[in-house]
Amino acid sequence: MKMKQLTSIEEMNEFVKQSGTHFLFKHSTTCPISAKAYDEFQAFVSDSDTSASVVYVIEHRIVSNQIADDFDIKHESPQVFLLEDGHVKWHTSHWKITKNALGEAFSS
């Protein structure tokens, strides 16, 4: 499955409101922890048929901030959200973002 980069609030809203289950990843391109988490995220997405998107938090801070506001979940990066029918079903951040954790969250 291909991952889409979200660069505007409109794109983010379109992604979030899709029906079904999707992953949304907030990635800092300057953070080594985020780089490792992104590798884990990409490994999970490439082995699944999950719909997934990424927001680069430095380059698209307005989108990142809107996600924190919309979901009422404090911003962290790296951070991943499992969305189901527009609502956050599960989320985690930093070292807890692993291919196995994503798989467990998705199948629960």
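## Helix 2 and its surroundings

The crossing of helix 2 and helix 4 is right-handed. On the helix 2 side, the residues making that contact are Glu 40, Phe 41, Ala 43 and Phe 44, and they meet Lys 99, Leu 102, Gly 103 and Phe 106 of helix 4. Keep in mind that this is a predicted model.

Two packed helices are described by the angle between their axes and the distance between the axes. Here the axes of helix 2 and helix 4 come within 8 Å and cross at roughly 50°. The two helices are therefore oblique to each other, since an angle between 35 and 65 degrees is neither roughly parallel nor roughly perpendicular.

Now for helix 2 itself. This helix runs over residues 32-46, and with 15 residues at 1.5 Å a residue it should span 21 Å; the C-alpha atoms at its ends are 21 Å apart, so expectation and model agree.

Which residues of helix 2 are buried? They are Ser 34, Ala 37, Tyr 38, Glu 40, Phe 41, Phe 44 and Val 45. Looking down the axis of helix 2, these buried residues fall within an arc of 165°, so they line one face of the helix. On the face of helix 2 turned away from the buried side you'll find the exposed residues Pro 32 and Ser 46.

And what do the buried residues of helix 2 pack against? Their partners are strand 1 (3-5), strand 2 (21-27), strand 3 (51-56), strand 4 (79-84) and helix 4 (99-107). Glu 40, Phe 41 and Phe 44 turn up both among the buried residues of helix 2 and in its contact with helix 4.

Next, a few backbone details in the loops. Most residues other than glycine have a negative phi, and most peptide bonds are trans. Two residues that aren't glycine go the other way on phi:

| Residue | Phi | Relative accessible area |
|---|---|---|
| Asp 72 | near 55° | 70% |
| His 94 | about 55° | 26% |

Asp 72 sits in the loop between helix 3 and strand 4, and at 70% Asp 72 is exposed. His 94 belongs to the loop between strand 5 (87-93) and helix 4, and at 26% His 94 counts as partly exposed.

Where is the cis peptide bond? It joins Ser 77 and Pro 78, with omega about 0°. Pro 78 lies in the loop between helix 3 (61-71) and strand 4, where Asp 72 is also placed.

Conventions: Residues numbered from 1 in each chain as written. Predicted model: local features only at pLDDT ≥ 70, side-chain atom pairs only at ≥ 80, totals over all residues. Heavy atoms only, no water. Helix = DSSP H or I, 4+ residues; strand = E, 2+ residues; numbered from the N terminus. Expected span 1.5 Å × (residues − 1). Buried < 20%, exposed > 50% of the residue type's maximum accessible area, 1.4 Å probe, protein only. Arc of directions from axis to C-beta. Contact = heavy atoms within 4.5 Å. Axes fitted to C-alpha atoms, helices over the stretch in contact; angles between N-to-C directions. Parallel < 35°, antiparallel > 145°, perpendicular 65-115°, else oblique. Left-handed = near helix turned anticlockwise from the far one by under 90°.
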